[in-house]
Amino acid sequence: MTTSEPAPVRGGTRVHRLYSVVVFVLLASLDNVAIGLVPPLYGPIAGSLDVPQRLVGLVTAVSFLVSAVAAVGWAYVGDRANRKPLLMVGTLLWAAGTAGSALAVNYPAFLAAQLVAAVGLGAVGSVGFSVVTDLISPRRRGLVMSFWGLSQGIGTLAGTLVGGILGAADWRRPFLLLSVVGLAATAAYLFTYDVRRGQSEPELAGALAHGAEYDYRISRADLPRILDRRTNRWLILQGLTAQAAFGSLVWLPVLFTERAQEQGYSAATAIVVGSVFATLFQLGGVFSIVGGLVGDALQRRTPRGRALVASVGILAAVPFYLVLFFVPIRIDVPDGAGAGAVTSAVLTSVVTEPTVGLSLLAAVLALALTSANSPNWFALIADVNPPEHRGTVYSLGNLVNGVGRAAGNGLVGVAFHALRGAFPPPLNFAVGLAAFQLFFVPTGIMYWLASRTSPRDITDVRTLLHTRAERL
């Protein structure tokens, strides 16, 4: 398939491309800030809106699901049309929904605003993923995708921290701040590079350099072919169990808040303590860069490489999560002090309190190992699918992820309540969270199965692109 007049390439300088990658990565971070804002503030929001805390937790679970469903539609359109306008519209939607959340005066209004934000968030991940894979060559996909995944993890951490600290006195303030940042991100989009579909593929490089245009687009007839690709099935299905475990972890701030309150701290101080501890204990996510690098290196040796790295990382992390939840920690912070003083005291306790140091080590190792999942999942989707399918496959995986995360986030709350009779708080939170990490076991198995099917699927895609390049 060819076009009579190839579209001109705009803004192809190295600096422009770097700027574009940075904008897309930062936006991936911001949408997770929006997701991370609510969990640390379940208590204050529930009190302000006069509803049980579990109903506010339900908003997060439903938002995960709505965002994932919306992403399928956004991605399908993005695989057929100009992607930049879609990203801008999606960003404006989540900014508007975030602002609406701050202004909500009752539970239905808050729920509606969060759902509007969720619809917009669906565009950022799915369409943005498609754009970024067209900017990065296969040899470096794991590394760059580690930054993409890391930005999302950092965004969640930032949301947890900003929500807990800035929202401790007034839960509406962080929502208003983030909505303004969302508007700024929309403006930044205006100056990003118009990325050509397929431009990072070595098989297409020669044809595109001579002015050809890769104008293959997804159609409804392609959907059965996407699901017939065996690696796609494993990459999509693993998200159901992986995200059930990850979804439960949004309650980590609540676990540490409950531990602080058990030791006699006021609710406001406990919220700050819980948010800082949860943020500190998730720093292991920065090691996703290592997971991406290892995946790239092993992939050059064997086409099974990325999937094997993800499988081993996921399975090896489970014991460290169990240590994190059950090691008792002694909290020594000034009750009623400002957020800065409480944060400083928590950081000091890492050195002065052995149990806090042990918990931090377990958390870093657990997050470092599970973070190998993210960059290699992203890179594998790009490796085993042609450019016009990637956004849609990502969104289908994200849909299953959303179902898993919503289930994990919602059901673990039910589990906490059911466990209260046998295990008083905060032990019920520790037991519930530990049980949900066992969902990582089938996830690791599915990655191992993907390592067996990916070599053939990667070869098929490379052959297809080489054939198409000869026709351009």
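**Exercise 1. The whole chain**

What percentage of the 472 residues in the chain do buried residues make up? Work out the overall form as well.

*Solution.* The model is predicted: local features need pLDDT of at least 70, side-chain atom pairs count only at pLDDT 80 or more, and totals for chains, interfaces and linings use all residues. Residues are numbered from 1 along each chain as its sequence is written, and side-chain values use heavy atoms, with hydrogens and water left out.

Step 1. Apply the burial cut-offs: buried is under 20% relative accessible area, exposed is over 50%, and partly exposed is in between (1.4 Å probe, protein chains only). Buried residues make up 56% of the 472.

Step 2. List the secondary structure. The chain has 20 helices and 0 strands. These are DSSP runs numbered from the N terminus; helices are H or I with at least four residues, strands E with at least two.

Step 3. Check the radius of gyration, taken over C-alpha atoms. The globule rule is 2.2 Å times the number of residues to the power 0.38. For 472 residues, a compact globule would have a value near 23 Å; the chain has 22 Å, which agrees.

Step 4. Look at contacts, meaning heavy atoms within 4.5 Å. Of those between residues at least 6 apart in sequence, 85% join residues at least 24 apart.

**Exercise 2. Helix H2**

Find which residues of helix H2 are buried, and where they point.

*Solution.* Step 1. H2 spans residues 42-49, and its buried residues are Tyr42, Ile45, Ala46 and Leu49.

Step 1. Look down the axis of H2. The buried residues fall within an arc of 100°, so they line one face of the helix. The arc is that of the directions from the helix axis to the C-beta atoms.

Step 2. Find the partners. The buried residues of H2 pack against helices including H3 (53-78), H5 (107-133) and H18 (390-419).

Step 3. Just after H2, Asp50 takes a positive phi of about 60°.

**Exercise 3. Asp296**

Is Asp296 buried or exposed? Then trace its surroundings.

*Solution.* Step 1. Asp296 is found in helix H13, residues 288-301. Asp296 is buried, with a relative accessible area of 3%.

Step 1. The side chain of Asp296 reaches the backbone nitrogen of Leu143 at 3.0 Å.

Step 2. Leave out residues up to four places away in sequence. Asp296 then touches Pro138, Arg139, Arg140, Arg141, Gly142, Leu143 and Arg306.

**Exercise 4. Aromatic pairs**

How many aromatic pairs does the structure hold? Classify two of them.

*Solution.* Step 1. Rings of Phe, Tyr and Trp (its six-membered ring) pair if their centres lie within 6.5 Å; planes under 30 degrees apart count as stacked, over 60 as edge-to-face and the rest as tilted. The structure holds 16 such pairs.

Step 1. Phe129 and Tyr394 are stacked, at 4.6 Å centre to centre and 15° between the planes. Phe129 lies in H5 and Tyr394 in H18, so the pair ties together parts that are 265 residues apart in sequence. Phe129 and Tyr394 are both buried.

Step 2. Trp171 and Phe175 are edge-to-face, at 5.8 Å centre to centre and 85° between the planes. Both Trp171 and Phe175 are buried.

Step 3. Tyr42, Trp251, Phe416 and Phe429 form one aromatic cluster.

**Exercise 5. Helix H19**

How many of the residues of H19 are buried?

*Solution.* Step 1. H19 (residues 427-436) is mostly covered, with 8 of its 10 residues buried. Among them are Phe429, Leu433 and Phe436.

Step 1. The cover includes helix H10 (230-248), H11, helix H14 (305-326) and H18.

Conventions: Polar contact = N/O pair within 3.5 Å; in protein donor to acceptor, adjacent residues only side chain to side chain.
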